[in-house]
Amino acid sequence: MRTILDTLAAQGGEQTNPAELTARVRVALGRAITDQWFGAERELHVIGLDTQLEQVLDQAIHGGGAMEPGLADTLMQETAKALARQESSGEPSVLVVAPALRPLLARFLRRRLSQLAVLSQAEIPDERGLRVTTLVGAMH
């Protein structure tokens, strides 16, 4: 709780955008968020996004925040497949994405994949290693 208050106190005066404040608090809480899903594991086995898909989503966000319907459907289907593969291998249901994509993807994917956690790369503590075990967008 102290970390949240410290972060809000430090950032609250200069940053008034709620989404940006949330992102900064999540980074400050990164260790607790990561521990919740992975315990003491040093190497985190996660779901990732294919590089091209990540670029398309980033362009959509910077172009107004909307995804075309075909892309949205494909993203949901591909993420559901990746999630099934991740769960079948006994790994946590965690998708790690670029910080700018986390809020949009968390809101969008939560609709149908409520068991999926979407974390930002910035929320992962430096001492933890990431290993992408399943990719969204590269399953063809």
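Where does arginine 102 lie? Some notes to get you started.

1. Arginine 102 lies in helix α6; helices here are DSSP runs of H or I with at least four residues, strands are E runs of at least two, and both are numbered from the N terminus. Keep in mind that this is a predicted model, where local features need pLDDT of at least 70, side-chain atom pairs count only at pLDDT 80 or more, and totals for chains, interfaces and linings use all residues. Residues are numbered from 1 along each chain as its sequence is written, and side-chain values use heavy atoms, with hydrogens and water left out.

2. With a relative accessible area of 13%, arginine 102 is buried (under 20% relative accessible area, 1.4 Å probe, protein chains only). Its side chain gets to the backbone oxygen of valine 118 at 3.4 Å. Leaving aside residues up to four places away in sequence, arginine 102 touches Arg26, Val97, Val118, Leu119, Ser120 and Glu123 (contact being heavy atoms within 4.5 Å).

3. Now look at how α6 (residues 102–110) sits against α5 (residues 69–88): the angle is about 75° and the axes are 11 Å apart. Axes are lines fitted to C-alpha atoms over the stretch in contact, and angles run from 0 to 180 degrees between N-to-C directions. The two helices are therefore roughly perpendicular (65 to 115 degrees).

4. On the α5 side, Ala72, Leu75, Met76 and Thr79 meet Leu105, Phe108 and Leu109 of α6.

5. Zooming out, the protein chain has 6 helices and 4 strands, in the order α-α-α-β-α-α-β-α-β-β. Of its 140 residues, 41% are buried.

Note on methods:
Angles under 35 degrees count as roughly parallel, over 145 as roughly antiparallel, 65 to 115 as roughly perpendicular and the rest as oblique. Buried means under 20% relative accessible area, exposed over 50%, partly exposed in between (1.4 Å probe, protein chains only). A polar contact is a pair of N or O atoms within 3.5 Å; within protein, one must be able to donate a hydrogen and the other to accept it, and residues adjacent in sequence count only if both atoms are side-chain atoms.
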